[in-house]
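This briefing covers a ligand site and the sheets and helices around it. The topics are taken in that order.

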Amino acid sequence: MNLVVSNLSLTLVTGLVLVALFISYREKLGLNKDIVIGVIRTVIQLTVVGYVLKYVFKINNWALTVLMILIIIVNAADNARKRGPGIDNVFLISFIAILTSTVVVVGTLIATGSLKMIPAQIIPFSGMVASNTMVAIGLCYRSLNTSFRDQRQQIIEKLALGAEIKLASKSILGESVRAGMSPTIDSAKTVGLVSLPGMMSGLIIAGVDPVKAIKYQIMVMFMLLATTAIGSVIACYLAYRKFYNTQMQLK
Amino acid sequence: MAIIELKQVDYQIDDKKILDSIDLAVEPNDYLTITGPSGSGKSTVLLLMAQMATATAGNLYYNQTDIAELNPVEYRREVSYCVQRPALFGETVADNLKFPAEVRGVEFDQTRAVDLLTKVQLPASMMDEKIIDISGGERQRIGLLRHLMYVPKVLLLDEITTGLDAENKAIVWNLIQAVHNEDQVTIISVTHDQQEIDSAKKMIQIIEGSIGK
Ligand SMILES: Nc1ncnc2c1ncn2[C@@H]1O[C@H](COP(=O)(O)OP(=O)(O)O)[C@@H](O)[C@H]1O
Ligand SMILES: [Mg+2]
């Protein structure tokens with residue numbers, strides 16, 4: 001390991017927080033309280049997570065590992081729920097989408113031998129998959145909400161021509177799946193050129209040969225492409241129905 | 001025996017009563033003209049008849065069956081609702097004329113489409129026109145033709161000639177007459193057009209959500 005942050009250095013780095021507080025104070029941003037809360041939460045949450053992970057990795061029990069992953073997925077689904085106001089059962093839809101993409105993608109990584117069946121590998125990767133799916137389906141919900149509002153008239157005409165709700169929603173479904181996937185596709189195009197992704201930076205800082213680090217990063221990019229595709233498709237196909245009532249009328 | 005019948009139909013949004021106890025019977029092959037002031041509830045009556053919204057009280061019947069019991073998709077293919085100022089979709093005129101076939105999962109009938117275009121004095125080459133390039137009158141005619149690719153039993157028309165010039169109006173009017181007389185389609189037409197009102201066989205007025213005298 002190249003990288004060890006001593007408690008002393010960490011304390012000294014706290015000075016950076018003072019810079020943020022000073023700027024907020026001088027510019028009257030009114031963010032002092034939020035910054036302090038943010039700092040305290042960062043320290044507490046990460047400390048707790050650090051100890052929990054250490055414990056979970058140590059006892060290496062599959063039931064506990066599954067429980068950890070479920071907690072991550074439930075939290076991600078709850079966050080995604082907030083991004084789809086007005087959509088019925090949006091928590092359940094998000095949960096199904098995130099669970100499926102996590103199981104499929106992490107399962108594939110394990111099956112291909114890219115990941116070892118140990119908590120120290122499975123849990124962080126599940127977290128990455130879940131949080132990326134969460135962001136993607138949040139974008140899907142936003143696109144569904146705007147498109148169903150803006151294209152209301154057109155959908156009514158399609159229904160009036162005798163279309164099933166799926167056909168009437170077809171163009172919106174396409175747009176919304178695309179909205180969920182495009183940030184990941186864009187970042188796949190610019191990765192390494194604009195910024196080094198967090199995971200790869202982390203590996204390099206920790207002393208891993210950059211050429212080895214990129215292999216991991218390539219795997220992560222592929223994984224995220226699959227993740228956002230699976231999550232977006234599931235979320236959109238489950239959510240679009242919620243814009244109609246049982247009489248196949250637009251709500 | 002009425003083909004479409006409304007019994008004590010109310011429609012309410014939040015606390016606002018938009019339709020109040022509408023009773024109406026339309027016989028097969030009727031041509032019913034509906035007029036009334038703007039905002040009185042005419043479009044809402046058509047929306048309910050088209051099964052695009054559900055009455056908050058009362059019942060609607062199609063051939064004596066409560067429409068709540070029918071498959072909405074099948075029903076809308078028989079009782080076809082042409083909205084006021086249709087928005088065309090897709091990219092070309094063909095995308096619009098093909099849509100009814102796509103809906104039914106059948107092969108597009110090119111001959112029928114060209115035949116209909118001819119009836120509204122549009123050339124066959126119109127099919128490949130981009131929808132952003134066509135005029136308001138053409139848009140209205142094509143919007144209407146979408147409902148005629150497969151002949152419906154009932155055609156619900158919401159002010160389809162409003163805003164058209166005399167020439168376009170006459171073309172649309174002739175087509176509707178042909179559909180009514182030759183194909184025996186029942187027509188329910190909301191209109192402000194004086195000519196259509198003058199030649200109406202049966203007419204009702206809707207005033208403040210109720211049928212007036
Ligand atoms: N979605 C809606 N929400 C609230 N009020 C509506 C809505 N749709 C229609 N209305 C109201 O219902 C009344 C009747 O509308 P409409 O049937 O479109 O009248 P018309 O076609 O006779 O001009 C109007 O006062 C209109 O403002
Ligand atoms: Mg109207």
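Here Ala, Val, Leu, Ile, Met, Phe, Trp, Tyr, Cys and Pro count as nonpolar, Asp, Glu, Lys and Arg count as charged, and the others, Gly among them, count as polar. With that division, the shell around ligand 1 holds three nonpolar, six polar and two charged residues. The model is predicted.

**Ligand 1 and its shell**

- The shell around ligand 1 consists of B:I13, B:K16, B:I18, B:P37, B:S38, B:G39, B:S40, B:G41, B:K42, B:S43 and B:T44.
- B:K16 places a polar side-chain atom 3.1 Å from an oxygen atom of ligand 1.
- Backbone atoms also take part: a polar one of B:G39 is 2.7 Å from an oxygen atom of ligand 1, and a polar one of B:G41 is 3.0 Å from an oxygen atom of the ligand.
- On its own, ligand 1 has 560 Å² of accessible area, and the protein covers 58% of that.
- Helix 1 of chain B gives the most, with three residues.

**The six-strand sheet**

- Six strands of chain B form an open sheet in the order 6-7-8-3-9-10, and their pairing is mixed.
- Its edge strands are strand 6 (79-82) and strand 10 (210-212) of chain B, each of which pairs on one side only.
- On average, neighbouring strands in this sheet are turned by 25° against each other, direction ignored.
- Four bridges join strand 6 of chain B to strand 7 (residues 154-158) of chain B in the parallel sense.
- B:V79 has B:V154, in strand 7 of chain B, as its bridge partner.

**The four-strand sheet**

- An open, antiparallel sheet in chain B has four strands in the order 2-1-4-5.
- Strand 2 and strand 5 (65-66) of chain B are at its edges with a single partner strand each, so one side of each has no neighbour in the sheet.
- Strand 1 (residues 4-13) and strand 2 of chain B pair in the antiparallel sense over seven bridges.
- B:Q12 stands opposite B:K17, which is in strand 2 of chain B.

**Helices across the sheets**

- In chain B, helix 1 lies across strand 3 (31-35), strand 6, strand 7, strand 8 (186-190) and strand 9 (202-207), and runs at about 150° to strand 7.
- Helix 1 of chain B also lies across strand 1, strand 2 and strand 4 (57-62) of chain B, at about 115° to strand 1.
- Helix 6 (residues 166-182) of chain B lies across strand 3, strand 7 and strand 8 of chain B, running at about 140° to strand 3.

Key
Residues numbered from 1 in each chain as written. Chains lettered and ligands numbered in written order. Predicted model: local features only at pLDDT ≥ 70, side-chain atom pairs only at ≥ 80, totals over all residues. Heavy atoms only, no water. Near = heavy atom within 4 Å. Polar contact = N/O pair within 3.5 Å; in protein donor to acceptor, adjacent residues only side chain to side chain. Areas by Shrake-Rupley, 256 points an atom, 1.4 Å probe, with all protein chains shown as cover. Helix = DSSP H or I, 4+ residues; strand = E, 2+ residues; numbered from the N terminus. Pairing = 2+ DSSP bridges. Axes fitted to C-alpha atoms, helices over the stretch in contact; angles between N-to-C directions. Contact = heavy atoms within 4.5 Å.
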